[in-house]
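Please walk me through how to read a model of two protein chains. I would like the general idea and then the case at hand.

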Amino acid sequence: MEHFDRLKSRIIVEEHSLTNVTTGHPEERNVLKLDFFKKNFKINVLSLDESRIVFELINIEFSFVNALRRVLLSEVPTMAFDRIVILNNTSVLQDEILAQRIGLCPVKVDPDLFTERTEGTEPSEKDALEFKLHIKCEKGGKRESDRRDVTTADFVWVPLGDQANMFIEGEEPCLVDVESPIVLTKLLPGQEVDLIAQCFKSNGGDHAKFQPVATAWYKPLPQIVLKRRIAGEAARRLQSCFSPGVIDIHVENGEEVARVANPRLDTISRNVFKYDDLSDAVELSMAKDHFIFTVESTGILSPMDLVKRAIRILITKAQRMRHELNKFEDAS
Amino acid sequence: MEGAERKIAKVPSSDDSCVTFILNDETHTIGQPLHMLINNQPEVEFAGYSVPHILEKKINFRIQTKSQDHLAVDSLRQGLSDFERFWRHADATFDNAVQRFSNSTTH
């Protein structure tokens, strides 16, 4: 019975193929039924810190998990540099290269405070954020230490309109430090960079610089079953086929025996099929409705916040379409 | 008829149980889960979507129901409503999960 259940909900990974992939007739897919979902859907957070969250989703359809990933990548909006007015640039980097580098730097401010800009209007406090960058490297020195790196820490925020009152002290808009300020260009003595940079709101679908996630990805839960006892040198070899921590060795009657410790860490690399004597010893499979989801933030929003915003976008998307459907029916 | 900026349009057909909807400004993000959900409805004979051209951000969503009594538009509406309810539940579940995690790590 357990084997049959396993068969229904797992994709078997063989050396050259994946089997049992079809999800069956849609009417059999319990995870698509709202009642089943409400009773059986679980989320467990596996790890959480300021830049990354790893959580598992159990009893959910893969297309939903993919929808979450797609929204995180291309529909959660942020502010990013979109217009740069270069007043002076005598650094070795060309204007457009410098501008492109600046565009990719994440801007740490809550995007909800702003609206998307309409083409042709003047940027205002409601839809733009302005920063000034003016660095001059002192003339004359010939030493390494007389040069100067222009970094994201050199940007100075210029409040537009009433923006000064929008932020409490210490929480003003700034550029994200990725362990240390990002180097934009390097100046030799006598060189100067003087520019005004404006941020607008958009999403990753428009340009990758607006993406709020360093990346977001998911994988199905791997399962590894050892079909027979693997001992001695073969056990060590088996351990080397998988990521560290997946297989561990314990001593039994003086012999080293392999045992599955933490299959979650596996990347389903199928390295075990390299060895003829081990190919038949292991059954690899992946769950069809159990996923491990990782979200890495660029620093603008916390990873928890990102997931919540993405879910909100999915809900609003469906809501808006239903409204449109009702309007559309009234019209016809 | 209003211009191409309408969110949902319909390919003209005389039969309300077999309809192709044009969802503007939508992609696989909503197309795939919606098609899985709508196919799961017992009155639906067929549900599927396609992206007519990769450079245009829209999808054609076709629904065919098993009888004239069930309108395709009702299936679409039900699918969208279920999608929303799935995600509302997921939202609450996520909040609980984060809460449980922070409680367990502070001990």
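Q: What should I know before reading any value?
A: This is a predicted model, in which local features need pLDDT of at least 70 and side-chain atom pairs count only at pLDDT 80 or more, while totals for chains, interfaces and linings use all residues. Residues are numbered from 1 along each chain as its sequence is written, chains are lettered from A and ligands numbered from 1 in the order in which they are written, and side-chain values use heavy atoms, with hydrogens and water left out.

Q: How many helices and strands are there in chain B?
A: Helices (H or I, at least four residues) and strands (E, at least two) are DSSP runs, numbered from the N terminus. Chain B has two helices and four strands, in the order β-β-α-β-β-α from the N terminus. Its radius of gyration is 18 Å, well over the 13 Å that the globule rule gives for 107 residues, so chain B is more spread out than a compact globule. The radius is taken over C-alpha atoms, and the rule is 2.2 Å times the number of residues to the power 0.38. Along the principal axes, the C-alpha atoms of chain B fill a box of roughly 65 × 35 × 20 Å.

Q: Is B:Ser75 buried or exposed?
A: Buried means under 20% relative accessible area, exposed over 50%, and partly exposed in between (1.4 Å probe, protein chains only). B:Ser75, in helix H2 (residues 72-106) of chain B, is buried at 3%. Leaving out residues up to four places away in sequence, B:Ser75 touches B:Ile38, B:Gln41, B:Glu43, B:Val44, B:Ile63 and B:Thr65.

Q: Which value does phi of A:Ile268 take?
A: Most residues other than glycine have a negative phi. Phi of A:Ile268 is positive, near 55°, and A:Arg270 has a positive phi of about 60°. A:Ile268 lies in the loop between strand S15 (255-260) and helix H6 (276-279) of chain A, and A:Arg270 is also in the loop between S15 and H6. A:Arg270 is partly exposed, at 31% relative accessibility.

How values were computed:
Contact means heavy atoms within 4.5 Å.
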